[in-house]
Structures are given as structure tokens and as C-alpha cells.
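Please examine the structure displayed here.

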Amino acid sequence: MTALKALLFDVDGTLADTERDGHRPAFNMAFQAAGLDWHWDESLYGELLTVTGGKERIRYYLEKFNTEFVKPDHFDDFVKQLHASKTQFYTQLMAEGKIPLREGVERLINEARTEGMRMAIVTTTTPENVTALLKNTLGPESESWFEVIAAGDIVPAKKPAPDIYLWALEQMNLSAADAIAFEDSLNGIKSSAAADLKTIITINDYTKEDDFSQAQLVLDQMGDQHSAFTVLSGDSAGHRFLNLELVKKVHAG
Ligand code: XBP
Ligand code: MG
């Protein structure tokens, strides 16, 4: 059996509920600032989440939900600029500190640091967004706790492709058996499972109906001493919240 050497964290939906209250409003602010009458409500955004990556999501919206829109010349640049504006609004929202980490995330990260467990971020979101979330929740130094920040366009094929996980493992000189992934969505588990990583899922409102049959453990949240998780599938070995001991058991199991 290989000992657990690293924790690989997805960001959006896993560390914090950023999709509904961060990304979605930031997209809408960018649309308004660009003089577009587009509005992504919570339910439409749920459908748009099928596609990862903000630029990819804008294109998907126009292909599937707003086919009347006449694409401007230099459409690629148009999407890039719109997305850059969205990133600015998103990082501003993070700086206002309105999006907290999910229950138990900070505790687990601190426990991992204390034990000297290696950690990385593996996400499809833009690197600036990761920096903004970490700084404004875990503090200005926290980015350095993660050995690798694998994010955004660093690999061309985003989740559900395994590429971003494989890239992170390669950077860390680890094999999939050495690590475990933390995810919240179907695209996330498809990506981590295709990279041969064992995965622990914490669901959220957008992902609660997703198929997580490839995950080792599915929870409603990581939970805490006074806020026990609900186990949706897998074996929590009698634990009431997700600590490093349970993570190691899931990895070994
Ligand atoms: C996150 C995403 C991202 C964000 C938006 O997925 O799909 O596209 O919604 O980020 P995951 P950008 O949690 O699997 O990483 O607009 O910066 O692309
Ligand atoms: Mg996610």
C-alpha cells in the first residue's frame, strides 16, 4: 500500500460556494458593464455549469441559449475581454470577503499543514481567482502552503479531461496512487477518476444530483466537531467529520 503524500483540492464548489455567489454575479456584472442585456439566473447558471471554464461557458451560452446574438467581428477577442472583465469583478467580490470557505475546509488544511502533508490546487478557474479566494479567506501567506497551483488555461483541455490533475502530479513528481483529490461536481470526478485518483466528494446545491459512483466517499460537507457530515455513499469508518485520519483511511481503502 502506498502512503498518502498529497491532497489535491478543487476550488469552486469544494473550498467555497463560489459558483452561485461569486462567478455567476461576476459574469452578470461584466455583461452589464459591456452593455449586454444578458443575465444568468441561478437556474440557467446550473445548466451552464455543464461546461467548465468561463470563456468556454460564454461560448456555450451563445451556442445553446442565446442563438439570436449576432457575434461581433474578432469574436475571440470579444470573449477574452468580456472574461477578463468578469475576472476583475470576481476578484473584487473576493476582496470584499463575502464568500467564506465551506465548513471544515480550513480545519483540514491546517491539519495537513501541521502534519507536513503536501498540498496542491487543481482547478479550471483563472489563477487570479484562486489567489483572491485564498488570500481573503486563509490569509495573505496561504498561497505558499500549496506546492502547485494548477489553474485555468495551463492545460488546453479543462475538466472533465484528466489533464490538469496529470499536470499537477507531474509537477509534484508523484503518481496518482500517492495522492487523493477533493471535488464537488461531475466534471470534477470525471477528471480526477480519469487521472486514476481516489476522490472524496462534498456536494453542493448545483451538484447534489450528479453521478458520483466513481468516488470513494460522498459527503454533504467536510463538517466539523460540532457539525457532523452526512454520508451519501462510501464508508466513513465511524467518523463524524472529515479529518486527515479519515482521508488516509479512504486513500488506503
Ligand atoms: C470551475 C469552473 C470555472 C468557474 C469559472 O470548475 O468551471 O469555469 O466556474 O472560472 P472546477 P473562470 O471547480 O471543476 O475547477 O471564469 O475563471 O474560467
Ligand atoms: Mg468544483
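This is a predicted model: local features need pLDDT of at least 70, side-chain atom pairs count only at pLDDT 80 or more; totals for chains, interfaces and linings use all residues.

Residues are numbered from 1 along each chain as its sequence is written, chains are lettered from A and ligands numbered from 1 in the order in which they are written, and side-chain values use heavy atoms, with hydrogens and water left out.

Q: How many salt bridges does the count come to?
A: Side chains of opposite charge can pair when their charged atoms come close. A salt bridge here is a side-chain nitrogen of Lys or Arg within 4 Å of a carboxyl oxygen of Asp or Glu. By this rule, the count comes to 16.

Q: Which side chain meets that of Lys158 in a salt bridge at 3.1 Å?
A: Lys158 lies in the loop between strand S3 (148-150) and helix H7 (163-172), and its partner is 102 residues away in helix H3 (residues 54-64). Helices (H or I, at least four residues) and strands (E, at least two) are DSSP runs, numbered from the N terminus. The partner, at 3.1 Å from N to O, is Glu56.

Q: Is Lys158 buried or exposed?
A: Buried means under 20% relative accessible area, exposed over 50%, and partly exposed in between (1.4 Å probe, protein chains only). Glu56, at 26%, is partly exposed. Lys158 has 12% relative accessibility and therefore counts as buried.

Q: What separates Lys249 and Glu245 in helix H9?
A: The side chains of Lys249 and Glu245 form a salt bridge of 3.5 Å, N to O. Lys249 is partly exposed at 36%, and Glu245 is partly exposed at 45%. Because they stand four residues apart in helix H9 (residues 244-252), their separation is about one helical turn.

Q: Which helices do the buried residues of H1 pack against?
A: The buried residues of H1 include Phe27 and Phe31. Contact means heavy atoms within 4.5 Å. The helices they pack against are H2 (42-48), H3, H4 (75-95) and H6 (127-138).
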